[in-house]
Amino acid sequence: MHGESRCLRCGPVSPLHVPEHIGAEIVASVVEQVVTAADRPGVPLWCPWPLPPGWTLTGVAWAGDERSGVRATAVACAGPAPLDGGPADLLFVAEEPGVGLGTRFAGVPGPDPGPELAAALTDPGPGHAERLPHAKIRVGGHPTPLWLVNSPTDRSAYAGEARGMWLHAIAWPASAGHLLAEEVVLHDLAEWTPPELVYGAPSPYLHGAA
């Protein structure tokens, strides 16, 4: 018998809590979980703000339990894709090392993207003195590089670091990752939740489609 949640492949894991619906009250309840969780810096709820034109907030989630507190968060958004205007989804995951939520949604093995990022930084490729990041966004007011990681072809996945935690950005379809080439600014909803946020239909990717 085990007292913790377990994955058949990974062993003990932090349970994921995904509200069925999305709205201001749901966001407030997740923020309360994050800010009251505990004895260490809270995990950010990174959300694009302002949202890109036509985009809505489609879900929030957190991973952890009463013993460990909140160890990871996820924020989902949806809107028109930057290239063809078709439907697109973006998921931002912030997590402590070793949780594995971001790699789970990215569809890559392992608990974190550390090995892939280390390879990208140490092997810049022929003709390059250094490896340039694949995306640069602003996170909590700071320029933050993101690196493309290997993922299934139905999505594009980026990873980096912010506030001493892993930051993942996963886009469906893969071409929607071009949105990160634009001026994306991430804001921590746990610090302040804009009352102007617009909410959309619940994200299918938070509810098992990923």
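Which residues are linked in a network of salt bridges? Arg163, Asp188 and Glu191 are.

## About the model

This is a predicted model: local features need pLDDT of at least 70, side-chain atom pairs count only at pLDDT 80 or more, and totals for chains, interfaces and linings use all residues. Residues are numbered from 1 along each chain as its sequence is written, and side-chain values use heavy atoms, with hydrogens and water left out.

## The salt-bridge network

The structure holds four salt bridges. A salt bridge here is a side-chain nitrogen of Lys or Arg within 4 Å of a carboxyl oxygen of Asp or Glu.

Arg163 pairs with Asp188 at 3.0 Å, N to O. Arg163 sits in the loop between S10 and S11, and Asp188 in strand S12 (residues 185–188), so this pair ties together parts 25 residues apart in sequence. Strands (E, at least two residues) and helices (H or I, at least four) are DSSP runs, numbered from the N terminus.

Arg163 also forms a salt bridge with Glu191, with the closest N and O atoms 2.7 Å apart. Glu191 lies in the loop between S12 and helix H4 (205–209), so its bridge to Arg163 ties together parts 28 residues apart in sequence.

Arg163 is partly exposed, at 43%. Glu191 is exposed, at 54%. Buried means under 20% relative accessible area, exposed over 50%, and partly exposed in between (1.4 Å probe, protein chains only).

## A bridge between sequence neighbours

Asp154 forms a salt bridge with Arg155. Their closest N and O atoms are 2.9 Å apart. Asp154 is partly exposed, with 39% relative accessibility. Arg155 is buried, at 9%.

## The nonpolar cores

The largest nonpolar core has 39 residues. Such a core is a set of buried Ala, Val, Leu, Ile, Met, Phe, Trp, Tyr and Cys residues joined through side-chain atoms within 4.5 Å. Ile137, Leu146, Leu167, Leu180 and Leu186 have the most contacts inside this core. Among the elements that give it two or more residues are helix H1 (24–36), strand S5 (56–65), strand S6 (69–80) and strand S11 (165–172).

What does Leu146 touch, leaving aside its neighbours within four places in sequence? Its contacts (heavy atoms within 4.5 Å) include Pro133, Ile137, Tyr158, Leu167 and Leu180.

A second, separate core has 22 residues. Ala63, Phe105, Ala106 and Ala157 are among them.
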